Amino acid sequence: MSKVTLVYFSPTGNTEKSLKAMARGLRAEAEAVDVTADASSEPVSFDENDRVIFGAPVYGGRIPSVARERLSRFRGVQTPCVVAVTYGNRHYDDALLELADMAKEQGFVVVGAAALVGRHTFGEIQVGRPDEADLAADGEFAARAFALAKEVKDIPGSRPYREGGSGGKFRPLTSDACVSCGLCVKRCPVQAIAEDCRTIADTCLSCFRCIRRCPKGAKNMDTEAYLSFAAAFTEKLKARRENEYYC
């Protein structure tokens, strides 16, 4: 395989890591299209000779509504694709089925589907994942899926889909360590951070991208309410889950 296109929404990097591991498994040249902070509506088309891998995180059992909107501009003509969702160890519910359905509606043939565990946005859940073993398995799966090139029929999930996809209600804080570099403003997936780097709108997804990527560590969620929730959530989801692959 000479080339594969990776199309992903990945605020904290889990989905991006997994899709790039899939490309390595294919031993293919990869073109990455990161729609995380790109709200372009310009159509992108593929044909039956192309190979595409779509990826998105799971928010409340669904793919994020903003990710769905941005992925809608990609169209295929019987184009083989793999779909992958990443989630933080609770469950992916209807997200994988939703992403597969969306790909089919847009002209793609889903030859592989994967539900992949990564570090949860909240708490200290599955820290360090995806790990090297996860990424190696991702690559092997992608190679197998495209080699078989058979449409996947039975993908877990239910229709109608459950409610979800809107993100959380936590709003990151900003400490005095902030130097107003503007990186958080520029890279926010939904432009929820004002130019002062501190004011955050209700459109915030609680994706914590700004927390994970602030070069000064100024963005935080150091409130009693959040820390209490995160500790309980971490305990609840401490049991390891394994990745699921369908092809």
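**Exercise 1. Find out how many disulfides the whole structure holds, and why Cys204 is in none.**

Solution. A search of the whole structure finds 0 disulfides, a disulfide being a pair of cysteine sulfur atoms within 2.5 Å. Before going on, note that this is a predicted model, where local features need pLDDT of at least 70, side-chain atom pairs count only at pLDDT 80 or more, and totals for chains, interfaces and linings use all residues. Residues are numbered from 1 along each chain as its sequence is written, and side-chain values use heavy atoms, with hydrogens and water left out.

Step 1: take Cys204, whose closest cysteine sulfur, in Cys188, is 6.5 Å away, too far for a bond.
Step 2: turn to Cys214, which is in no disulfide either, as the nearest cysteine sulfur, that of Cys181, is 6.2 Å away.
Step 3: check accessibility. Buried means under 20% relative accessible area, exposed over 50%, and partly exposed in between (1.4 Å probe, protein chains only). Cys204 has 10% relative accessibility, so Cys204 counts as buried; Cys214, at 22%, counts as partly exposed.

**Exercise 2. Work out which residues touch the most other members of the largest nonpolar core, and which element supplies its largest share.**

Solution. A nonpolar core is a set of buried Ala, Val, Leu, Ile, Met, Phe, Trp, Tyr and Cys residues joined through side-chain atoms within 4.5 Å.

Step 1: the largest core has 48 residues, and Val7, Phe54, Cys81, Val83, Val85, Leu96 and Ile155 touch the most other members.
Step 2: elements supplying at least two residues each include strand E4 (52–57) and helix H3 (95–105). Helices (H or I, at least four residues) and strands (E, at least two) are DSSP runs, numbered from the N terminus.
Step 3: H3 gives the largest share, 7 residues.

**Exercise 3. Describe the aromatic pair of Phe54 and Phe108, then that of Tyr226 and Phe229.**

Solution. Rings of Phe, Tyr and Trp (its six-membered ring) pair if their centres lie within 6.5 Å; planes under 30 degrees apart count as stacked, over 60 as edge-to-face and the rest as tilted.

Step 1: the search gives 14 aromatic pairs in the whole structure.
Step 2: Phe54 and Phe108 are edge-to-face, 4.9 Å centre to centre with 85 degrees between the planes. Phe54 lies in strand E4 and Phe108 in strand E7, so the pair ties together parts 54 residues apart in sequence.
Step 3: Tyr226 and Phe229 are tilted, at 6.4 Å and 45 degrees. They are 3 residues apart in helix H7 (residues 224–236), which means about one helical turn separates them.
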